[in-house]
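Work through these exercises with the sequence and the 3D view side by side. Try each task before you read its solution.

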Amino acid sequence: MTGNRDPQGTETLLREALAQETRHVAADAAFVNATLDHSVASLRKTRRRQLALTVSAVAAVVGIVGWQAPSMVDNESPGPTRHSDSARVDDGYAWAQSLPRGADADVAYVDRGTLVIGSKKVDLGKQESDYHLLGSLPGGWLAEKWVPGAQPNAYAVIYGFLSTDGEYSPYASVGRRIDVAGAAVSGDGRTVAYEGVVVRTGLQPNGKIDPSAAGSVVAHLPDDAVEIVGWAGGFVYRDAQDRFWAWSPGDMSVEQRWDAAVPDGFGYTRDGECVTVSPASLPASASVSFRLCGLGVPLTVSPDNYALMSSRQFVNLEAGVDFLTLPDSVDPSRLQQRWESGDSVILAVPDDTVGKPHSVVLVRCTVSSGLCERASNRLTSIPMLASLPKS
Amino acid sequence: VERDLDAFGEFVAARSSALLRTAVLLAGGDRQHGEDLLQDAFAETYRRWNRIASLAASEAYTRTILVRLATRRWRRRRYEPRLSEGEVEPEPAVVADVELGLDVERYLRALPARQRAVVVLRYFDDRTEAEIAQLLGCAPGTVKSHASRALATLRAELEHTLYAPSEAGRSADDRQS
């Protein structure tokens with residue numbers, strides 16, 4: 001059976017198929033000449049744009065001087081930066097490094113064997129396994145543990161509970177479907193969904209997780225689920241036709257009228273330059289939605305529906321106004337984002353310099369002030385950010 | 001003053017074919033789209049030509065831009081309006097690869113953009129997970145995750161190709177004999 005094809009056989013076949021697919025692809029002289037023409041024309045266009053930007057930036061600085069906040073923490077750095085006055089920085093990492101240093105980010109991640117929880121660090125010991133924090137629970141996180149296998153590029157993925165002490169308690173691997181991507185934690189922290197199953201977390205009446213009571217399967221996701229995309233009163237999943245559904249164990253799935261999903265149970269429909277962002281709707285849930293135009297692609301909504309970050313800017317949903325526009329060099333859709341609170345979001349800005357080892361710096365942008373600051377020193381890996389544990 | 005166009009031209013002429021193969025795969029087998037992506041990546045390289053120290057660095061830079069443009073463009077495409085009722089979606093120019101039992105274009109186009117990029121970079125360009133993570137600006141674990149999902153899809157696609165009724169289809173037993 002093909003389904004039992006060994007991993008290396010599948011990978012070998014894929015390599016051969018990709019090579020074969022492109023064996024007749026070659027660039028001819030016409031393509032090279034067209035490329036040179038295009039490159040020269042693009043450079044001239046960029047120069048014209050830069051000239052125009054220089055003029056407008058001078059005008060912007062004149063307007064900003066009046067309100068800029070005083071320096072906060074780092075005497076060597078300039079004051080918190082309003083994005084609009086750094087729009088000419090052409091390197092996102094340089095922009096991040098230029099920001100003043102603020103407090104450590106109130107997020108959690110695993111960085112090279114160390115569990116970082118805000119400003120606290122927990123040594124996970126010397127081990128080859130890698131952990132990804134997927135969702136916060138009382139006293140820890142739903143986490144993936146990646147264990148290297150005997151073959152190159154082969155890993156076993158084990159889901160379980162990683163406590164703030166660094167103890168890992170795997171869940172049972174009964175009835176899993178590895179073709180279902182994503183994971184989510186229910187709002188009450190009692191269940192988690194991953195790989196097609198919903199399992200108990202072992203949450204006790206005293207509000208603490210008992211790992212020994214965790215892992216039993218409560219339900220299986222509907223067969224058509226291919227990706228778990230969040231929680232919004234029920235688990236939200238995507239099917240193979242790119243339709244989105246909200247579902248709770250024991251209930252029928254409810255289709256969501258979204259064109260695409262946003263993390264944390266939101267989605268949106270597009271109408272030309274406008275989008276309508278709404279949480280997943282279940283029969284018992286309240287309906288709230290935001291219609292916004294000229295925003296680009298919505299990326300994330302803050303807790304309490306206070307703010308929205310899109311591929312172009314941040315919007316204060318209460319006030320209905322944008323409060324931040326990132327520099328052109330920073331593409332938010334490429335950055336990990338994690339809300340610390342309804343008022344501040346952490347962005348992981350990587351160093352894009354080719355040939356340099358991994359590095360990333362965390363940046364905090366605050367809705368109420370419209371200011372950004374550095375929230376970490378340089379990290380030498382690109383960790384997966386998670387919220388702090390639920391209290 | 002144009003920047004060292006001769007040297008840039010030599011670079012483009014020398015590396016276009018290799019990069020075009022990657023670009024076409026990143027574009028899901030769409031040659032025209034792949035050429036557009038590569039031209040934009042070369043244009044961005046030319047914009048920074050004076051800052052790039054060596055030919056090897058130039059290729060690495062172009063490849064980085066290429067991957068980012070590919071994942072970005074496909075993401076945008078995904079949000080284009082869906083076909084209205086009655087409209088017929090054009091058939092992709094799919095050529096089934098009977099010999100290997102894998103329809104590469106269909107497989108690549110079925111993958112989300114970043115999974116597709118991971119597949120191309122890992123199994124065509126032979127990049128390490130760390131390099132791919134850097135190219136995509138994500139965690140190495142995310143690369144593992146994308147690769148794992150993409151291989152699961154591949155196995156399902158192989159099931160479909162080998163066992164779906166087809167005029168030209170052959171059973172797995174036939175193929176192995």
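## Exercise 1: Nonpolar cores

Task: find which residues touch the most other members of the largest nonpolar core.

Solution. Start with the term: a nonpolar core is a set of buried Ala, Val, Leu, Ile, Met, Phe, Trp, Tyr and Cys residues joined through side-chain atoms within 4.5 Å. Buried means under 20% relative accessible area, exposed over 50%, and partly exposed in between (1.4 Å probe, protein chains only). The largest core has 55 residues, and those touching the most other members are A:Leu14, A:Leu18, B:Leu102, B:Tyr107, B:Leu108 and B:Val119. Next, look for the main contributor: helix α1 (residues 5-26) of chain B gives nine residues, the most of any. Helices (H or I, at least four residues) and strands (E, at least two) are DSSP runs, numbered from the N terminus. Then find the second core, which is separate and has 36 residues, including A:Ala260, A:Phe266, A:Met309 and A:Val349. As a general rule, nonpolar side chains in soluble globular proteins tend to be buried together.

A note on the model: it is predicted, so local features need pLDDT of at least 70, side-chain atom pairs count only at pLDDT 80 or more, and totals for chains, interfaces and linings use all residues. Residues are numbered from 1 along each chain as its sequence is written, chains are lettered from A and ligands numbered from 1 in the order in which they are written, and side-chain values use heavy atoms, leaving out hydrogens and water.

## Exercise 2: A hairpin

Task: on strand β24 (residues 336-339) of chain A, sort the side chains by face.

Solution. Take alternate residues. A:Gln337 and A:Trp339 point to one face and are buried. Now find the partner strand. Two strands pair if DSSP finds at least two bridges between them. Here four bridges join β24(A) to strand β25 (residues 344-350) of chain A, and the two run antiparallel. Within β25(A), A:Ala348 is the bridge partner of A:Gln336. Four residues lie between the two strands, which form a hairpin.

## Exercise 3: An open sheet

Task: give the strand order of the four-stranded open sheet in chain A.

Solution. The order is β8-β9-β10-β11, with antiparallel pairing. Check the edges: β8 (183-185) and β11 (217-220) of chain A each pair on one side only. Inside, β9 (residues 191-194) and β10 (residues 197-200) of chain A share four bridges. There A:Ala193 stands opposite A:Val198 in β10(A).

## Exercise 4: Salt bridges

Task: how many salt bridges are there over all chains, and where do they sit?

Solution. A salt bridge is a side-chain nitrogen of Lys or Arg within 4 Å of a carboxyl oxygen of Asp or Glu. The whole structure has 14. Take three of these pairs in turn.

- A:Glu227 meets A:Arg238 at 2.9 Å, N to O. A:Glu227 lies in strand β12 (residues 225-231) of chain A and A:Arg238 in strand β13 (residues 235-239) of chain A, 11 residues apart. A:Glu227 is partly exposed at 26%, while A:Arg238 is buried at 14%.
- A:Arg243 pairs with A:Asp239, with the closest N and O atoms 2.8 Å apart. A:Arg243 is partly exposed at 31%, whereas A:Asp239 is buried at 0%.
- B:Asp125 meets B:Arg63 at 2.6 Å, N to O. Both are buried. Shared partners join B:Arg15, B:Glu59, B:Arg63 and B:Asp125 into one network of salt bridges.
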